[in-house]
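Please look over the sequence and the model below before reading on.

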Amino acid sequence: AQFTLGSTLMGSPMHHHINAVNSLMHGRKLWLFQPPSEQEFRRTPMYEDMTREGGLQSMLRCVQGAGDLLFVPSGWGHGVLCLSDCIGVAQEFDLLEPEFDDYEDSFLRLSHA
């Protein structure tokens, strides 16, 4: 598990990895997402990327509040910007079942079970 602690406008640059759950205990975070076909790694802070590139309008986004648990599927590019002081915990994990290789199809099958 990873303990996260950040202040306003801090965060993590765009990156991707295996499945992860992110719990936020205090604060608010802006999450930006790219599908696996567009994933990338960046070294620049999210605030700089958003300022330089007009807010990264093409990316999917959501705001995570205190008490929210956010799932990021394997391979999805994502970056985070703290909108306030934040405290959280993240846990990466690998699903061993082969039916989860295609997250969207697996989700649809599970939702109709």
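A residue is called buried when its relative accessible area is under 20%, exposed when it is over 50%, and partly exposed in between, using a 1.4 Å probe and protein chains only. By that definition strand E7 (residues 77-82) is mostly covered, since six of its six residues are buried. This is a predicted model, in which local features need pLDDT of at least 70 and side-chain atom pairs count only at pLDDT 80 or more, while totals for chains, interfaces and linings use all residues. Residues are numbered from 1 along each chain as its sequence is written, and side-chain values use heavy atoms, with hydrogens and water left out.

**Confidence**

- The mean pLDDT of the protein, where pLDDT is the predictor's confidence in each residue from 0 to 100, is 86, and 84% of the residues reach 70 or more.
- Confidence is highest in strand E3, at a mean of 97, and lowest in helix H2 (residues 103-111), at a mean of 55; helices (H or I, at least four residues) and strands (E, at least two) are DSSP runs, numbered from the N terminus.

**Strand E7 and its partners**

- From E7, Gly77, Gly79 and Leu81 point one way, whereas His78, Val80 and Cys82 point the other way, and all of them are buried.
- Two strands count as paired if DSSP finds at least two bridges between them, and E4 and E7 are joined by six bridges in an antiparallel arrangement, with Phe33 having His78 as its bridge partner in E7.
- Strand E2 (residues 11-15) also pairs with E7 in the antiparallel sense, over three bridges, and here Gly11 has Leu81 as its bridge partner in E7.

**The open sheet**

- An open sheet is formed by four strands in the order E1-E8-E3-E6, with antiparallel pairing.
- Strand E1 (2-6) and strand E6 (69-72) stand at the edges with a single partner strand each, so one side of each has no neighbour in the sheet.
- Neighbouring strands of this sheet are turned by 25° against each other on average, direction ignored, where axes are lines fitted to C-alpha atoms, for helices over the stretch in contact, and angles run from 0 to 180 degrees between N-to-C directions.
- E3 and E6 run antiparallel and are joined by four bridges, and Val21 has Phe71 as its bridge partner in E6.
- Asn22, found in strand E3 (residues 20-26), is buried with a relative accessible area of 12%; contact means heavy atoms within 4.5 Å, and, not counting residues up to four places away in sequence, Asn22 touches several residues, including Trp31, Asp68 and Val89.

**Nonpolar cores**

- A nonpolar core is a set of buried Ala, Val, Leu, Ile, Met, Phe, Trp, Tyr and Cys residues joined through side-chain atoms within 4.5 Å, and the largest one here has eight residues in all: Met14, Leu30, Leu32, Met46, Met50, Leu56, Met59 and Leu81.
- Strand E4 (28-34) and helix H1 (46-52) each supply at least two residues of this core.
- A second, separate core has five residues, among them Trp31, Phe33, Val72 and Val80.

**Cysteines**

- The structure holds zero disulfides, a disulfide being a pair of cysteine sulfur atoms within 2.5 Å.
- The sulfur of Cys82 has its closest cysteine sulfur in Cys86, 3.7 Å away, which is too far for a bond.
- Both cysteines are buried, Cys82 with a relative accessible area of 4% and Cys86 at 2% relative accessibility.
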